[in-house]
Amino acid sequence: MPADIRKKVCFLLLANSSNYCKNLVIKSYEMAQKDIDCDPIEFWIAMNMMYSDYYLVAKKFNMNTPDFYAEMAKAFLDDKDVQDNKLMNYFSYVVK
């Protein structure tokens, strides 16, 4: 994704997100700077997908933190059983 478009997308995501999602975006950039090697926007999408799908379970086990969702997103994106472009393929073929 070209840098100018990425900047606009990030701005729109931040402007239209809840406070919790804004914290996830900030955390995603922090995590990306550590040991996560992927597109920050894909990482943000994966984190929000994890939050959307697993919030109730995370809350039940007192794990409802940005770090938890970041690790879940990393595990999802780094899954070695799946070919490249896992997120795009997931949304193209799994999500209804």
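Here are a few questions and answers about this predicted model.

Reader: Is Lys74 buried or exposed?
Author: Lys74 belongs to helix H4. Looking past its neighbours within four places in sequence, Lys74 is in contact with Asp35, Ile36 and Phe43. Its relative accessible area is 19%, and the cut-off for buried is under 20%, so Lys74 counts as buried.

Reader: How are the rings of Phe68 and Tyr69 paired: stacked, tilted or edge-to-face?
Author: The structure holds three aromatic pairs. In the pair made by Phe68 and Tyr69, the ring centres are 5.3 Å apart and the planes sit at 75°. Planes over 60 degrees apart go down as edge-to-face, so this pair is edge-to-face.

Reader: Which residues form one aromatic cluster with Phe68 and Tyr69?
Author: Phe68 and Tyr69 are both buried. The cluster holds these two along with Tyr51 and Tyr55.

Reader: What is the phi of Asn62, and where is the residue found?
Author: Most residues other than glycine have a negative phi. Asn62 isn't a glycine, yet its phi is positive. It's exposed, with a relative accessible area of 71%. You'll find Asn62 in the loop between helix H3 (40-60) and helix H4 (66-77), and its phi is about 55°.

Note on methods: Residues numbered from 1 in each chain as written. Predicted model: local features only at pLDDT ≥ 70, side-chain atom pairs only at ≥ 80, totals over all residues. Heavy atoms only, no water. Helix = DSSP H or I, 4+ residues; strand = E, 2+ residues; numbered from the N terminus. Buried < 20%, exposed > 50% of the residue type's maximum accessible area, 1.4 Å probe, protein only. Contact = heavy atoms within 4.5 Å. Phe/Tyr/Trp six-rings, centres within 6.5 Å; stacked < 30°, edge-to-face > 60°.
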